Amino acid sequence: MLSDVLSQLKTAEQGLFISFEGIDGAGKSTHIEALVAAFNAEHGADKVIHTREPGGTPLAEKLRQLILNDPMDALTESFLVFAARRDHLNQVIEPALARGDVVLCDRFTDATFAYQGGGRGFDLKTLSILERFTQQIRRLEPENAYNLDDLLIRQPDLTIWFDLPPEIAAERLAGARVPDKFEAQPVEFFRQVAAGYQHRMDENPARFAKINAHQSREAVWADVLAAVKSKGFLA
Ligand code: TMP
């Protein structure tokens, strides 16, 4: 029964969802832009959505300003990133995937586990509960509406993690622009963020491609392209 439902969902959803992660200063932006260009060339620009979190909708962009600039406790911050994510999923990501489009998203929930969970040391179980509420796709058993174990959860098909030693990222960020709340954190915070990403990858090894971002730009790009092509997502 469950496998029938899952295979129906699989055939109904032809879209592709790729997320990009890494500590601040890891250098993901140029590679995301290059990948957007590669997908545009293969699928047509109208089938490719380039978006980001927190953000991607007018409401989520407003929440982004609060999240990046206002001091708040870690639970409040987690509620806000998941609220932004819920709106982003409803307004942009799910409709795009239902149309069969490609969604390239600069950060998704792994960032919450890395920053709020790893960096701020917030409770991972609470984040998992919020994740299940926020990213539910469809209830398998309507009568169990509040049984979180029965929810199908939206996750990226592939997550590209740009891994860079925090000391190097800090050098790259230094003086680049006025730092936001997260960018202003000490190196130790980013060590915890990186550990958070590693923990998340260990739990979902098939979804993650960990890229060594401490190489030349050309070498990083070659690794990014290889990761996407090895999944059959680009010819
Ligand atoms: P960006 O500068 O790469 O757009 O990322 C925005 C910042 O927000 C970055 O420092 C990471 C942080 N962030 C979180 O703390 N939690 C989240 O869930 C997300 C998506 C981002």
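Begin by selecting helix 2, residues 28–43: with 6 residues, helix 2 provides the largest share of the lining of the largest pocket. The model on display is a predicted one.

**The pocket**

Next, select Asp24, Lys28, Ser29, Asp106 and Arg107, which lie nearest the centre of the largest pocket. The lining as a whole comprises 40 residues, and the pocket has a volume of about 910 Å³.

Colouring the lining by residue class will show 15 nonpolar, 11 polar and 14 charged residues.

**The helix pair**

Now keep helix 3 (residues 58–69) and helix 4 (residues 74–99) in view and hide the rest. How do the axes of these two helices cross? They come within 8 Å of each other and cross at roughly 160°. An angle over 145 degrees counts as roughly antiparallel, and helix 3 and helix 4 are therefore roughly antiparallel to each other. Their crossing is left-handed.

To inspect the contact, display the side chains of Leu59, Ala60, Leu63, Leu66 and Ile67 on helix 3. On helix 4, the partners to display are Glu77, Leu80, Val81, Ala83, Ala84 and Asp87. Of the residues in this contact, 9 are nonpolar and 2 are charged, while none is polar.

Methods. Residues numbered from 1 in each chain as written. Predicted model: local features only at pLDDT ≥ 70, side-chain atom pairs only at ≥ 80, totals over all residues. Heavy atoms only, no water. Axes fitted to C-alpha atoms, helices over the stretch in contact; angles between N-to-C directions. Helix = DSSP H or I, 4+ residues; strand = E, 2+ residues; numbered from the N terminus. Parallel < 35°, antiparallel > 145°, perpendicular 65-115°, else oblique. Left-handed = near helix turned anticlockwise from the far one by under 90°. Contact = heavy atoms within 4.5 Å. Nonpolar A, V, L, I, M, F, W, Y, C, P; charged D, E, K, R; others polar. 1 Å grid on protein atoms, 1.4 Å probe; cavity = no way out; pocket = protein on both sides within 12 Å on 5 of 7 lines; lining within 4 Å. Points joined across faces, edges and corners; volume = space filled by probe spheres on them.
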